Amino acid sequence: MADDDKADVPGGPGQRARTRRRGRGGREQLVVPPAEFRSYYGKPIVKAPPWKYDIAAYLFLGGLAGGSSLLAAGADLAGLPNQRRSARIVALGGITGSLYYLVHDLGRPERFHHMLRVLKLTSPMSVGTWILSAYGPFAGLALGQEIVPLLPEKLARRLPTELISRASRPAGLVAALAAPAVASYTAVLLTDTSLPSWSAARRELPFVFVGSAAAASGGVGLLLNPLDESGPARRLAVGGAALELTADQIMQRSMGITAEPLHEGRAGKYHRAAQVLTGAGAVGAVLGRRSRLLSAVSGLAMAAGSACTRWAVFHAGMASADDPKYVVVPQRERRDARGGGEAYAEQVGDDRAR
Amino acid sequence: MSAFLSDLGRSFFGDIDPAEDNGYSDPPPRKGFFTDTSVCIGCKACEVACKEWNLIPEDGVELSGMSYDNTQALGASTWRHVAFIEQEVPARVAEASVAPAPSAPVDLGMPAPTLPGDSPDAAEPTDFRWLMESDVCKHCTHAACVDVCPTGALMHTEFGTVVVQNDICNGCGYCVSACPYGVIERRSGPAGNPAVGIAQKCTLCYDRLTEGQTPACAKACPTDSIQFGDLDELRERAAGRLDQLVEAGEPNAQLYGHDTRNGVGGTGAFFLLLDDPEVYGLPPDPVVTTRHVGAMWRQAALAAVTLLGGAVAAFAAGGGA
Ligand code: SF4
Ligand code: SF4
């Protein structure tokens, strides 16, 4: 073995001191002290899921659909026809795309129906599949009212168009009631894993995600609708953006060392982009409320910011699985804090434990 | 929420018998592995026997360049993995060596391995040691992989072990990210293998167990580093062996996974290690994700209500611009 290999010897002195130094971001450096840890040749300890990039799109589209259903139902009740139509279309499109990506990433997609064999509260993937299955048809039916007038007359005469139109509103309301679950369960999907940066975010991530869902759907609402109908969408988007940014700040602080991946590499780029786009979009939406163009651009920025947030969280989790530091250091601290040994249950309160 | 979850008939933490907890009435005693790494010689017989018996395809022939460990990690096509750790430690006198006394060897006229310092021409002991550890699925009492599987493909058997049902798994890969030990993985190739696209891991040779046989790895292990049996008995044996090692002056010797109060309720495969778990690539303090699932759903519900309330407020403030 060559001399310079020594640093990689597990348990050797080189390994202990191996830390990743970053030139930038002085403030985080204060919160996160340099980590000392030992590992097995720096090999990962936990495994990242075999999901590709499109799962990040799935997270975004689910949020977009959920928020849009709320927007559609509200617009229906408040009498905003343009907003209602666009939001219903976005909701169905979003959920369809979301389902496509979900099935697409399965190793055996032809067995998707096995997902509906059981309902398990311990499995967010199971709960989520059920939520989507319950929500999807109603989101689809809600669109009926918008489609009926567009049908060729021949076809329209043979369909129960009257019934379809009348079912739209109740269906839209049911979809809106299920929608918040569609937007928030994806947070549990990520946090109910062993990937350090996801599981450490388990308190705040649902709030980041619903905020991001509101920002995305409200933003798209702003983009697609005239000024005289965009009041609620604007408020939803700006409120969502504020929630997203605030929850994100709290989350970063409570994640400890596992917040690092959120600031590095690909995740870091998305994270910075998300903050700029969401923040600027929200400011623009407030200041530009009399300008159609400024509103549209701001809406688009908030939607893009929301997507970047999902991408950032997705990649940060994947990166945290690759570096054993994020597994060893927090677990080691927990173990040492209670004086070693395995007796986790006695030392740590159940749900309050991080 | 947690109370509601337990009402569904299963426990999510604590010391339980996994077979009983999963509905087997009158199951056989819980089976498991005790891997005593202090006697492992790194021969990889377990790796090979496992591959042979379970018809596992090769997963690439590659030199890792880091040690004798070219397998590198557990995975879809590696259900036993022998870790090699090269450590600098002060040289020890031969008397302190704690390998169990061998029964009188039969001379086959072959070059034979001896203890350092035993044969007259052996070199001086050096400030160096190898640690070897044969790693495997831990067959957790509260197995995260079982908890999160959306199809029910992962289950506890009557022996308290954890298996994947190949005909049910849809390959979502969620179990992969749930396992706190990084054990289970979705098989990606070679094409034509029936289990491609399906989560794969050690079954503790379920097929052999049902026939009353010993798992292939334990059967093949020449030093009894891998011991198979009733978990209760193994835990007792392990405690005795630990005492022996500590007495012989192994300050860092420790059992890993045996304690039923740990984050996964104790594992069905546990280890005697000579250094801290992370040195072997094991997580120091793993916790089953399900322990927090009640809190997670609560947070998600709060967030959902926030979103609903926010939407209502956005409309309550008036319709137009
Ligand atoms: S070690 Fe991982 S794969 Fe094995 S039973 Fe536990 S959670 Fe499942
Ligand atoms: S990959 Fe298979 S075994 Fe793993 S969680 Fe998905 S369905 Fe279950």
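This is a predicted model: local features need pLDDT of at least 70, side-chain atom pairs count only at pLDDT 80 or more; totals for chains, interfaces and linings use all residues.
Strand E2(B) is mostly covered, with eight of its eight residues buried. Burial applies to both faces: B:Phe84 lies on one side together with B:Arg80, B:Val82 and B:Glu86, while B:His81, B:Ala83, B:Ile85 and B:Gln87 make up the other, and all of these residues are buried.

The contact between the chains is summarised below.

| Item (chain B and chain A) | Value |
|---|---|
| Residues of chain B in contact with chain A | 103 residues |
| Residues of chain A in contact with chain B | 83 residues |
| Buried area | about 7,500 Å² |
| Salt bridges across the interface | six salt bridges |
| Polar contacts across the interface (both at pLDDT 80 or more) | 43 residue pairs |

Strand E2(B) (80–87) is among the elements that give two or more residues to the side of chain B that touches chain A. The others are helices H1 (2–7), H4 (144–148), H5 (174–178) and H9 (293–316), and strands E6 (185–186) and E9 (254–256), of chain B. The largest share of that side comes from H9(B), with 18 residues. By class, this side of chain B has 56 nonpolar, 32 polar and 15 charged residues.

Carbon and sulfur atoms give 58% of the area buried between the two chains. A salt bridge links the side chains of A:Arg338 and B:Asp285, at 2.8 Å from N to O.

Definitions and conventions. Residues are numbered from 1 along each chain as its sequence is written. Chains are lettered from A and ligands numbered from 1 in the order in which they are written. Side-chain values use heavy atoms; hydrogens and water are left out. Contact means heavy atoms within 4.5 Å. Buried area is the accessible area (1.4 Å probe) that two parts lose on being put together, summed over both. A salt bridge is a side-chain nitrogen of Lys or Arg within 4 Å of a carboxyl oxygen of Asp or Glu. A polar contact is a pair of N or O atoms within 3.5 Å; within protein, one must be able to donate a hydrogen and the other to accept it, and residues adjacent in sequence count only if both atoms are side-chain atoms. Helices (H or I, at least four residues) and strands (E, at least two) are DSSP runs, numbered from the N terminus. Ala, Val, Leu, Ile, Met, Phe, Trp, Tyr, Cys and Pro count as nonpolar, Asp, Glu, Lys and Arg as charged, and the others, Gly among them, as polar. Buried means under 20% relative accessible area, exposed over 50%, partly exposed in between (1.4 Å probe, protein chains only).
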